[in-house]
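Let's take a walk through this one together, a piece at a time. Have the viewer open and turn the model as you read.

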Amino acid sequence: MTTVTLQYYAQLREQARTSNEQVSTSATSLHGLYEELRARHGFTLPPDALKVAVNAQFSDWNRVLRDGDTVVFIPPVAGG
Amino acid sequence: MKHFSLASDAVDLAELHASLQHPGSGGFCAFEGWVRDSNEGRAVNGLEYEAYAELAMAEGERIVEEAIARYGVNAAHCMHRTGNLAIGDVAVWIGVSSAHRDEAFRACRYIIDEIKHRLPIWKKEHYIDGDTAWVACAHTYREHEHEQRHRHDHAHESVASFVPDYSRQTCLREVGEAGQAKLAAARVLVIGAGGLGCPVLTYLAGAGVGTLGIVDGDRLDASNLHRQTLYDARDIGELKVDLAARRIAALNPSVAVKTYAEPLHAGNIIEVFGQYDQVVECTDDLGSRYFSNDAAILTGIPLILASVYQYEGQLQVVTAKQGDPCLRCLWPQEPAAGVAGSCIESGVLGPVPGVLGSMQAIEALKLLLDLPRPADHALLLVNLLDGTSQRLPIDAAQGCAMHGGCIEAARRGLAMAQAARDVDLVFVNLDAAIAAGYALVDVREAAEIAAQPLHAPSQWIPSALIGERAIELAAGPVLLICASGRRSGVAARVLRSQGMPNVYSLAGGVAALAPRRDRIAG
């Protein structure tokens, strides 16, 4: 199991009902992690609508998760 | 009792007051003009009024009636003295009673201003030194004229005497007079005069940016006022570009403003961008952001993007320089409709676009003034609930560069926008469409068709099935028809994305067609 910190923005924050949380996951990649969270929180956004950043750097979706990573999934927002 | 009276002797004011009593009145306002002991430095011991009575009576009556109609007050009267008056005498008395105090005050003010301006009454002043003089009516400031101007014309008010003072910014070492000259020469296009656009326009106008272009097709709605600080309640229903232009003219008359009351489209965006040094994207529309991004990349004009969601926002500066990242480097394709939340659907707290718009204004000024900026490019995420922000550096090599580069992506994007623009066709009747060679396809549901048949030869494929039954469509030009043009527009775009460029949508749908002759008889 890997323990990571998640930060949520926009619709993801709304659907997760929190702006951050710590989770233990059996997922090994960001893709796997997002699918796991999607099932848990009912995220409506598909991963291809999102950008992902790990430890304050944009990241490839196939990046291997490591203990202590801070992961942010970022949807584009439209309001003005 | 008449609304206006001339009196050669003192009048019982209590009687005038009593005459304006009205059961529907909750407020009474009176104005009394008294004889003063001096005029323009000369001591006066009395004066004499002379009126052209017939004309004064008719004009006075008209003025009070105008005030009653204009402010909807219940009762009003004006009494003007003639003859000899001593210091302290009442020369003119006006009383107004109305349901609420505001109309009473305003009607009272209207009457005295108009009386002074229009009434054929002359004033002969008697000076203490024995001299006398007939005094002409000087220019009268009429408050109500300015109310009107505020509503409609303040962009055109003469402010020739105003000299802007930029000393608070030119004293910054990095700005100085040279920086101010750069701002005066700068031309900035602001797309969207809403929650983000208001602070952007305010700060750029205040800073003395020489030319501001404003694009917005919307009229002000009451629901805009919690975040769109350029406007007020009197402005509802007016075009935002007109309102914003007026506010900017009032704030800094030295700024030239150009307005665009229609959204930019694929046919003009490149040309319009070419007239500016910088573009600030402030709409609440993702499609517009991609559109602006593509036009910025193709014209090489820097673009400052921001957007907000509830309590947070995103900010990105696209320099449009070769090798620097763009919006598509982060999110290559515009997400499907409904994926990105808008202010209408998701809500937003007013100051959130205020903060992000202010940040856009800072980025705009930094670029124009060439102020120090970080060397790398980043997406800034601002969360105003927990007071945090995250600056995520963007690696251009991981963006558009992996699939042909920003310019290639922008070209494709703009071509798609052009194609989508050509989807909607206007026809007044279906015979004209058939004569023009279009095969008609009704994409409505069976019940809708039964209620309102097309009365023209057409194929029927409900919009939900259009993708899978595309093979049944004619090879030549096809016109899709629904009730309003919405479903047919979406369906036409879906088919075009599947490689069918000859598919069009009837703009406005059945609702926009001219009524059939045989149905409007009688």
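Two strands count as paired if DSSP finds at least two bridges between them. With that in hand, look at strand S5 (residues 75-81) of chain B in this predicted model: S5(B) and strand S7 (residues 90-98) of chain B pair in the antiparallel sense, and six bridges hold the pairing.

Is S5(B) enclosed or open? Six of its seven residues are buried, so the strand is largely enclosed by the rest of the structure. A residue counts as buried here if 20 or more other C-beta atoms lie within 10 Å of its own.

Arg70(B) belongs to helix H2 (residues 53-71) of chain B. It has 13 other C-beta atoms within 10 Å, which is why it is partly exposed. Follow the chain for 37 residues and you reach Ala107(B), yet the two C-alpha atoms are 7.8 Å apart in space. Arg101(B) is in helix H3 (residues 101-118) of chain B. Arg101(B) is partly exposed because 13 other C-beta atoms lie within 10 Å. Which residues does Arg101(B) touch, leaving aside its neighbours within four places in sequence? They are Gly27(B) and Cys29(B). Cys29(B) is 72 residues away from Arg101(B) in sequence, but their C-alpha atoms are 7.5 Å apart.

Those links across the sequence lead on to chain B as a whole. Of its contacts with a separation of 6 or more, 71% are between residues 24 or more positions apart. The chain has 522 residues, 38% of them buried, and its secondary structure comes to 17 helices and 22 strands.

Next, a pair of helices. Two packed helices are described by the angle between their axes and the distance between the axes. Helix H7 (residues 197-207) of chain B packs on helix H8 (residues 240-251) of chain B at an angle of about 30°, and their axes are 9 Å apart. The crossing of H7(B) and H8(B) is right-handed. H7(B) brings Leu201(B), Thr202(B), Ala205(B) and Gly206(B) to the contact, while H8(B) brings Ala244(B), Ile248(B) and Leu251(B). Sorted by class, that contact between H7(B) and H8(B) has five nonpolar and two polar residues, with no charged ones.

Further along chain B comes helix H13 (residues 351-369). Its 19 residues reach 26 Å from first C-alpha to last, close to the 27 Å expected at 1.5 Å a residue. Its buried residues include Val352(B), Leu356(B), Met359(B), Leu365(B) and Leu369(B), with Gln360(B) and Glu363(B) also among them.

Keep going to the open sheet of five strands in chain B, with the order S18-S22-S21-S19-S20 and parallel pairing. Its edges are strand S18 (424-425) and strand S20 (459-460), each pairing on one side only. Strand S21 (residues 478-481) and strand S22 (residues 503-506) of chain B are joined by three bridges and run parallel, with Leu480(B) opposite Ser505(B) in S22(B). Helix H17 (residues 486-497) of chain B lies across S18, S21 and S22, running at about 175° to S22(B).

Chain A has an open sheet of five strands too, in the order S2-S1-S5-S3-S4, but there the pairing is mixed. Strand S2 (20-25) and strand S4 (57-58) of chain A are the edges, each pairing on one side only. Strand S3 (residues 51-54) of chain A runs antiparallel to S4(A), joined by two bridges, and Ala53(A) stands opposite Phe58(A) in S4(A). Helix H2 (residues 30-41) of chain A lies across S2, S3 and strand S5 (70-74) of chain A, at about 70° to S5(A).

How many residues of each chain are in contact with the other? There are 35 from chain B and 18 from chain A. On the side of chain B that touches chain A, the elements giving two or more residues are strands S14 (303-309), S15 (312-318), S16 (378-383) and S17 (388-393), together with helix H12 (343-346). By class, that side of chain B has 18 nonpolar, twelve polar and five charged residues.

Terms used
Residues are numbered from 1 along each chain as its sequence is written. Chains are lettered from A and ligands numbered from 1 in the order in which they are written. This is a predicted model: local features need pLDDT of at least 70, side-chain atom pairs count only at pLDDT 80 or more; totals for chains, interfaces and linings use all residues. Helices (H or I, at least four residues) and strands (E, at least two) are DSSP runs, numbered from the N terminus. The expected span of a helix is 1.5 Å times one less than its number of residues. A residue is buried if 20 or more other C-beta atoms lie within 10 Å of its own, exposed if 12 or fewer, and partly exposed in between; C-beta atoms are placed from the backbone. Two residues are in contact if their C-beta atoms, placed from the backbone, lie within 7 Å. Ala, Val, Leu, Ile, Met, Phe, Trp, Tyr, Cys and Pro count as nonpolar, Asp, Glu, Lys and Arg as charged, and the others, Gly among them, as polar. Axes are lines fitted to C-alpha atoms, for helices over the stretch in contact, and angles run from 0 to 180 degrees between N-to-C directions. A crossing is left-handed if the near helix is turned anticlockwise from the far one by less than a right angle, and right-handed if clockwise.
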